Amino acid sequence: MVVHEFSVDLRKPLVFQVGHLKEHYQEWVHQPIVSKEGPRFFRNDAMEFLTLTKWWVVPVLWLPVVCWLFAKSIQMGHTVREVVLMALFGIFVWTLIEYTLHRFLFHIETNSYWSNTAHYLIHGCHHKHPMDSLRLVFPPAGTAILCVPFWNIVTLFATPSTTPALFGGGLLGYVMYDCTHYYLHHGQPSKDPAKYLKRYHLNHHFRIQDKGFGITSSLWDTIFGTLPSSKITAKHNGLS
């Protein structure tokens with residue numbers, strides 16, 4: 001694929017190529033290639049393996065951690081009802097984190113070699129190859145690393161006994177987000193709200209990529225004015 005002065009060779013590992021696009025990277029990365037087969041990222045097999053994750057790994061790995069966190073708060077004196085309420089609050093906060101990261105980090109404008117490279121690894125690859133089934137959910141190693149600062153942030157605002165349940169709720173929200181995201185790309189929902197969410201998210205990929213940042217909900221898009229026009233969404237109704 002030729003973009004201006006630099007030619008990206010899709011037959012070769014992409015990660016260290018895309019940075020050379022410089023100011024033309026944003027144009028290139030937002031021209032999706034619809035194929036279930038994703039590109040190779042790295043020459044090194046170990047590094048390549050770390051970028052590939054089957055969707056079911058996320059719930060299998062993280063749901064036991066969520067349960068352990070809830071049990072921890074119960075062991076520290078909280079009732080099941082209290083833990084449920086804290087978990088729901090954690091899920092609610094996650095939806096705002098999901099929206100904020102997607103809008104302000106994943107869609108940041110880049111134009112230098114290393115910023116383009118980092119953006120491609122974080123989110124650009126998903127917009128370039130939106131149907132790549134092995135790069136739709138976040139790799140466990142990356143999630144584990146990010147859990148550390150998020151845990152520390154929760155401890156600043158919560159007590160030792162409420163921190164596990166609140167963090168567990170946020171982690172459960174993340175699991176719901178990743179599984180929902182995969183389903184919106186590869187599932188075939190026939191009824192709302194899943195059918196609406198699929199249409200809503202694919203509209204973000206293929207029509208208006210600077211709006212529609214919510215995945216599990218359009219709540220924060222509505223609140224912050226990034227909800228796509230209903231006419232545009234309706235026109236996109238036939239895309240699956």
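Predicted model: local features only at pLDDT ≥ 70, side-chain atom pairs only at ≥ 80, totals over all residues.
**Helix 8 and its two packing partners**

Colleague: At roughly what angle do the axes of helix 4 (residues 57-75) and helix 8 cross, and within what distance do they come?

Modeller: Two packed helices are described by the angle between their axes and the distance between the axes. Here the axes of helix 4 and helix 8 cross at roughly 160 degrees and come within 8 Å. Residues are numbered from 1 along each chain as its sequence is written, and side-chain values use heavy atoms, without hydrogens and water.

Colleague: Which residues make that contact?

Modeller: Contact means heavy atoms within 4.5 Å. Helix 4 contributes residues including Trp62, Leu69 and Phe70, and helix 8 contributes, among them, Phe167, Leu171 and Tyr174. By class, this contact has 16 nonpolar, three polar and two charged residues.

Colleague: What is the angle between helix 7 (residues 140-157) and helix 8 (residues 163-186)?

Modeller: Helix 7 and helix 8 pack at about 140 degrees, with axes 10 Å apart. That makes helix 7 oblique to helix 8.

Colleague: And which residues meet there?

Modeller: Thr143, Cys147, Phe150, Trp151, Val154 and Thr155 of helix 7 meet Thr163, Pro164, Leu166, Phe167, Leu171 and Tyr174 of helix 8. They divide into nine nonpolar, three polar and no charged residues.

Terms used. Axes fitted to C-alpha atoms, helices over the stretch in contact; angles between N-to-C directions. Helix = DSSP H or I, 4+ residues; strand = E, 2+ residues; numbered from the N terminus. Parallel < 35°, antiparallel > 145°, perpendicular 65-115°, else oblique. Nonpolar A, V, L, I, M, F, W, Y, C, P; charged D, E, K, R; others polar.
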